[in-house]
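The sequence and structure follow.

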Amino acid sequence: MKETNTFLPVDEALRRIAEQLPNPQGVEQLALRECLGRILAEPITSAINVPGHDNSAMDGYAIRGEDLGAESLSLIGESFAGHPFEGECGPGQAVRIMTGAMIPSGCDTVIMQEEVEREGDSIRIIGEHKTGENVRLAGEDMAIGEVVLQPGKRLDPAELGLIASLGIAEVRVRRRLRVAFFSTGDELCSLGEVPKEGQIYDSNRYTLYGMLKRLDAEVIDMGVIADIPEAIEQAFNEAAAMADVVLTSGGVSVGDADYVKQTLDKLGRVDFWKIAMKPGKPLAFGRLGNAAFFGLPGNPVSAMATFYQIVQPSLRHMQGVETQPLRLRLPLIGGLKKRPGRTDFQRGILVREADGSLKVRGRGHQGSHILRSMSEADCFIILPAESGNVGEGELVEVEPFISLVGEATGIKKPPPSRAAVFFRPKIKA
């Protein structure tokens, strides 16, 4: 696709990326306990009913619904979980039953023990009741032949338990995406080295490593590559040979020593390299052999913002996972400055007011080099490209960081009501 110098809107960039992404193949069959965090490759279909039989939701007494109006009922036995009553309950009879125990033959109702008066082997029911209460029906959770999990589902603890309840010991999951990444720049110094004059420690590889590991990717850290065209070219070739995705930070601007884009032009294909986003304008996307390529900006906040807004949804798409982060509309405390032209992802702090309502305020200094702002904030405040300054009390779109850090905190499309907020915001001082 022909390169353009136009700043690409964020939504358009995501659409174009989705059209160009490779579709990695390969599945693994793993023991269930090894599948935590992995992406399901095939549907899970129930071969059994769960629960496997009608059972009691309460400790109490199993009876026939027709006997609800009887003066008294005779006890004829007991039913425990794993040790069911083996006879049949007839008219005027009852069976003592425990939670989870199988409903005796002939019974269809359970009266909780707090609503029964017992004297010897006779019981009297107190209060009003209806047929079928406190009974869990066979197949109520999952029925034979039902598809209970679809491909692309991330397997979290609930899913492991659900699969185990079906008696399935091994699961086919997608192989992990392989992501090779490195930083570029003569000004960068790796941990353990002594910085020379004018150098800084490389932080981007550590934030990228953390964000990639949360996506359950297989990460290949290639270190810091010097601003030498031959070295960058060699790194590109090595990365593309072993990974599904090549990810770099730095070197995608227009400086004389920014060689990433020109190397990608030589070895692969550039689709675009500027997006209408702040922080993060100089972001390159293209192909490098069979691998997708993302060139992130060097400034640390820009690298994190572009990863969360552009790279992470793209990697999830490659995994077959379609989610979107939770976004809220909340009143703004104070004002925010903004120039029209680019979608702005400002760092914010959620505030719980005394009446329990949520609001949001800006974190303060929004410089793309201030990595501390990402640590102190707990959300992005997303200001549309066309908007200008935002005033006190205006509603703004807010994306809590916790909704970005893994599939479990994302929401399926279409999203549920935004009234439910499953995070703990920082409390106003």
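Ser302 is buried in this predicted model, with a relative accessible area of 5%. The residue belongs to helix α6. Apart from neighbours within four places in sequence, Ser302 is in contact with Pro279, Gly280, Pro297 and Ser368. One of these partners, Pro279, is joined to Lys278 by a cis peptide bond with omega of about -5 degrees. Pro279 is located in the loop between β19 (277-278) and β20 (284-288).

Ala303 is likewise part of helix α6. Its relative accessible area is 1%, and Ala303 is therefore classed as buried, the limit being under 20%. Neighbours within four places in sequence aside, Ala303 contacts Asn204, Leu296 and Pro297. Ala303 and Gly335, by contrast, are separated by 32 residues in sequence and by 25 Å in space, C-alpha to C-alpha.

**Helix packing**

Two packed helices are described by the angle between their axes and the distance between the axes. Two such pairs are considered here.

Helix α3 (residues 204-214) and helix α6 (residues 300-319) have axes that come within 11 Å and cross at roughly 25 degrees. Because angles under 35 degrees count as roughly parallel, α3 is described as roughly parallel to α6. The crossing of α3 past α6 is right-handed. On the α3 side, the contact is formed by Asn204, Thr207, Leu208, Met211, Leu212 and Arg214; on the α6 side, by Pro300, Ala303, Met304, Phe307, Tyr308 and Leu315. By class, the residues of this contact of α3 with α6 are nine nonpolar, two polar and one charged.

The second pair consists of helix α4 (residues 229-242) and helix α5 (residues 260-267), which pack at an angle of about 55 degrees with their axes 10 Å apart. An angle of this value makes α4 oblique to α5. The crossing of α4 past α5 is right-handed. Ile232, Glu233, Phe236 and Asn237 of α4 make this contact with Val260, Thr263, Leu264, Lys266 and Leu267 of α5. The contact of α4 with α5 comprises five nonpolar, two polar and two charged residues.

**Nonpolar cores**

Which residues touch the most other members of the largest nonpolar core? In this set of 39 residues, they are Leu247, Phe294, Phe307 and Phe380. At least two residues of the core are supplied by each of α1 (10-20), β13 (178-184), α3, β17 (245-249), β21 (291-296), α6 and β26 (379-383). Helix α6 gives the largest share of this core, nine residues.

Phe307, a member of the α3 and α6 contact, touches Leu208, Met211, Leu212, Leu215, Leu247, Leu296, Gln312 and Pro313, when residues up to four places away in sequence are not counted. A second, separate core holds 20 residues, including Ile225, Val260, Val270 and Ala291. Val260 is also one of the α5 residues in the contact with α4.

**An exposed loop residue**

Glu88 is found in the loop between β5 (73-79) and β6 (93-97). Glu88 has a relative accessible area of 56% and is therefore exposed, a class that requires over 50%. Glu88 and Gly106 lie 18 residues apart in sequence and 5.8 Å apart in space, C-alpha to C-alpha. With residues up to four places away in sequence not counted, Glu88 touches Ile76, Gln93, Ser105 and Gly106.

**Backbone geometry**

Most residues other than glycine have a negative phi, and most peptide bonds are trans. The table lists departures from both patterns.

| Site | Feature | Value |
|---|---|---|
| Val50 and Pro51 | cis peptide bond | omega about -5 degrees |
| Lys278 and Pro279 | cis peptide bond | omega about -5 degrees |
| Asn134 | positive phi | phi about 60 degrees |
| Asp216 | positive phi | phi near 60 degrees |

These sites are placed in loops as follows. Pro51 is in the loop between β2 (44-45) and β3 (55-56), and Asn134 is in the loop between β9 (122-125) and β10 (135-136). Asp216 occupies the loop between α3 and β16 (218-225). Is Asp216 buried or exposed? Asp216 is buried, with a relative accessible area of 15%.

How values were computed
Residues numbered from 1 in each chain as written. Predicted model: local features only at pLDDT ≥ 70, side-chain atom pairs only at ≥ 80, totals over all residues. Heavy atoms only, no water. Axes fitted to C-alpha atoms, helices over the stretch in contact; angles between N-to-C directions. Helix = DSSP H or I, 4+ residues; strand = E, 2+ residues; numbered from the N terminus. Parallel < 35°, antiparallel > 145°, perpendicular 65-115°, else oblique. Left-handed = near helix turned anticlockwise from the far one by under 90°. Contact = heavy atoms within 4.5 Å. Nonpolar A, V, L, I, M, F, W, Y, C, P; charged D, E, K, R; others polar. Core = buried A, V, L, I, M, F, W, Y, C linked by side-chain atoms within 4.5 Å. Buried < 20%, exposed > 50% of the residue type's maximum accessible area, 1.4 Å probe, protein only.
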